[in-house]
Amino acid sequence: MPLSNPNALHLLYERPGFLLRRAHQISISIFEKECQGIKLTPVQYSILTALHTLPGIDQSRLARKLGLDKVTTLRVLRDLENRSLITKSAHQSDKRSYSLTLSSDGQILFKDAQKHVNVAYKNLASGLTETELVTLLKLLKKFNSSLDAYARTSFQPTEQS
């Protein structure tokens, strides 16, 4: 069945949402290929990074720091706990929450993951010059911050010092 407008797909291919979705697919694919040997997904790595940086954080704050919904956060935390990569303990001030930390196995995996993640990052950035990469990151940050009110999940990043 021929398209009524042969330019319709070309118009789609120029839309930011389409390009962002495709870039996300490529990014996930590169990461998962590089980290398949250590059985680590991008979201798991994000959580390990946050727990490495903010030991003792509770699951709600963790979700906000990464811009994840609570259901996804709890599911990934359960998977990491089943792999003995994190430990949960009762939160001191809120008994409904847990303080989360990397276990010794989690610390080892996090350290080992760095070389894989760095290779994935280099592969992802390989099609751009350093200047183009800096520009892309600057534009993505601007894009995200200017449209954050439309996000389905809260994102409260940690300030850099």
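User: What should I know about the model before we start?

Analyst: This is a predicted model, in which local features need pLDDT of at least 70 and side-chain atom pairs count only at pLDDT 80 or more, while totals for chains, interfaces and linings use all residues. Residues are numbered from 1 along each chain as its sequence is written, and side-chain values use heavy atoms, with hydrogens and water left out.

User: How many helices and strands are there, and in which pattern do they follow along the sequence?

Analyst: The protein has seven helices and three strands, and their pattern reads α-α-α-β-α-α-β-β-α-α. Helices (H or I, at least four residues) and strands (E, at least two) are DSSP runs, numbered from the N terminus.

User: Why is the pair Tyr13 and Phe18 called tilted?

Analyst: Rings of Phe, Tyr and Trp (its six-membered ring) pair if their centres lie within 6.5 Å; planes under 30 degrees apart count as stacked, over 60 as edge-to-face and the rest as tilted. The ring centres of Tyr13 and Phe18 are 5.3 Å apart and the planes stand at 45°, so this pair is tilted. A search of the whole structure finds three aromatic pairs.

User: And what makes the pair Tyr45 and Phe110 stacked?

Analyst: Here the centres are 6.0 Å apart and the planes are at 15°, so Tyr45 and Phe110 are stacked. Tyr45 sits in helix H3 (residues 42-53) and Phe110 in helix H6 (residues 104-125), so the pair ties together parts that are 65 residues apart in sequence. Together with Phe31, these two residues form one aromatic cluster.

User: How do you know whether Tyr45, Phe110, Tyr13 and Phe18 are buried or partly exposed?

Analyst: We use relative accessible area: buried means under 20%, exposed over 50%, and partly exposed in between (1.4 Å probe, protein chains only). Tyr45 has 15%, so Tyr45 is buried, and Phe110 has 9%, so Phe110 is buried too. Tyr13 has 35%, so Tyr13 is partly exposed, and Phe18 has 21%, so Phe18 is also partly exposed.

User: What makes you say that the charged end of Lys88 sits over the ring of Tyr98?

Analyst: A charge sits over a ring if NZ of Lys or CZ of Arg is within 6 Å of the ring centre and within 35 degrees of the ring normal. The charged end of Lys88 is 4.2 Å from the centre of the Tyr98 ring, and it is listed as sitting over that ring.

User: Which residues of the largest nonpolar core touch the most other members?

Analyst: They are Leu40, Ile47, Leu48, Leu51, Leu62 and Ile86, out of 23 residues in this core. A nonpolar core is a set of buried Ala, Val, Leu, Ile, Met, Phe, Trp, Tyr and Cys residues joined through side-chain atoms within 4.5 Å. H3 gives the most to this core, with five residues.

User: Why is Ile47 called buried, and which residues does it touch?

Analyst: Ile47 has 0% relative accessibility, so Ile47 counts as buried. Contact means heavy atoms within 4.5 Å.

User: What about Thr73: buried or exposed?

Analyst: Thr73 has a relative accessible area of 1%, so Thr73 is buried. Thr73 is found in helix H5, and its contacts, leaving aside neighbours within four places in sequence, are Ile47, Gln59, Leu62, Ala63 and Leu68.
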